[in-house]
Amino acid sequence: MPALYEIDQAITDTIEIYTDQETGELSEEAFEALEALGELRDTKVENVALYYKDLLATAEAIKKEADQLTARRKVYENKAEGLKRYLEMATNGQKFETSRVDIRYRRSEAVDIIDSAKIPEEYLTVKVTETPNKKLIKDAIKAGQSVTGAVLTERQNIQIK
């Protein structure tokens, strides 16, 4: 995919060399190699930020294409399911065989739950998950309360536009 921005080739090469091709993660050596490049700090920062924006644009394009493919896949799956229902109706549970296709039925059992509220307790599985409510903890700490096991930390979040 062509880049949206003109980015210094030395910077893109350095980033690509120190990127894990399977995970896309940058190694610590990448930062050292970028710092070692003989360009001005502002030029490096601008080029890396442009490369970042280019990667996000590419990722967004891939996501959009994946969403479109997922929608197309769903159309084919729905059509196939409709044809399967027709075949079930047309064969009425009887086997059908030609030299090109073989339709058979096999017996199976399934439990259909009509009213889960009426199921006796010994047949129920209880699932409990506990997760800290970060918003409540944050509000409590800001209100001056001490919450054991949690601290409020201030972060600097970078925004690249």
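Me: What does Arg104 form a salt bridge with, and how far apart are the closest N and O atoms?
Reply: Glu97, with the closest N and O atoms 3.5 Å apart. A salt bridge here is a side-chain nitrogen of Lys or Arg within 4 Å of a carboxyl oxygen of Asp or Glu. This is a predicted model, where local features need pLDDT of at least 70 and side-chain atom pairs count only at pLDDT 80 or more, while totals for chains, interfaces and linings use all residues. Residues are numbered from 1 along each chain as its sequence is written, and side-chain values use heavy atoms, with hydrogens and water left out.

Me: Which residues are linked in a network with Glu97?
Reply: Asp102 and Arg104 are linked with Glu97 in a network of salt bridges. Glu97 itself is partly exposed, at 48% relative accessible area. The classes are buried under 20%, exposed over 50% and partly exposed in between (1.4 Å probe, protein chains only).

Me: How many salt bridges does the structure hold?
Reply: Seven. One of them joins Lys135 and Asp139, with the closest N and O atoms 3.1 Å apart. Another pairs Asp115 with Lys118, at 4.0 Å between the closest N and O atoms.

Me: Why are Lys135 and Asp139 separated by about one helical turn?
Reply: Because they are four residues apart in helix α4 (residues 134–142). Helices (H or I, at least four residues) and strands (E, at least two) are DSSP runs, numbered from the N terminus.

Me: Is Lys135 buried or exposed?
Reply: Exposed, with a relative accessible area of 57%. Asp139 is partly exposed, at 37%.

Me: And the other pair: is Lys118 buried or exposed?
Reply: Lys118 counts as exposed, at 67% relative accessibility. Asp115 is partly exposed, at 33%.

Me: Which residues lie nearest the centre of the largest pocket?
Reply: Ile15, Leu26, Leu34, Val48 and Tyr51, out of 15 lining residues. Helix α3 gives the largest share of that lining, seven residues. By type, the lining has nine nonpolar, two polar and four charged residues. Ala, Val, Leu, Ile, Met, Phe, Trp, Tyr, Cys and Pro count as nonpolar, Asp, Glu, Lys and Arg as charged, and the others, Gly among them, as polar.

Me: What about the second largest pocket, what volume?
Reply: About 340 Å³. Residues lining the second largest pocket include Pro132, Ile137, Ile141, Val151 and Arg155. That lining divides into six nonpolar, two polar and three charged.

Me: Switching to backbone. What is phi of Asn92?
Reply: Near 50°, a positive value in a residue other than glycine. Asn92 is in the loop between α3 and β1 (96–97). Asn92 is also exposed, with 62% relative accessible area.

Notes
On a 1 Å grid over the protein atoms alone, a cavity is a set of points where a 1.4 Å probe fits but cannot get out, and a pocket is an open set with protein on both sides within 12 Å along at least five of seven lines; lining residues have an atom within 4 Å of a point. Grid points are joined across faces, edges and corners, and a volume is the space filled by probe spheres set on the points.
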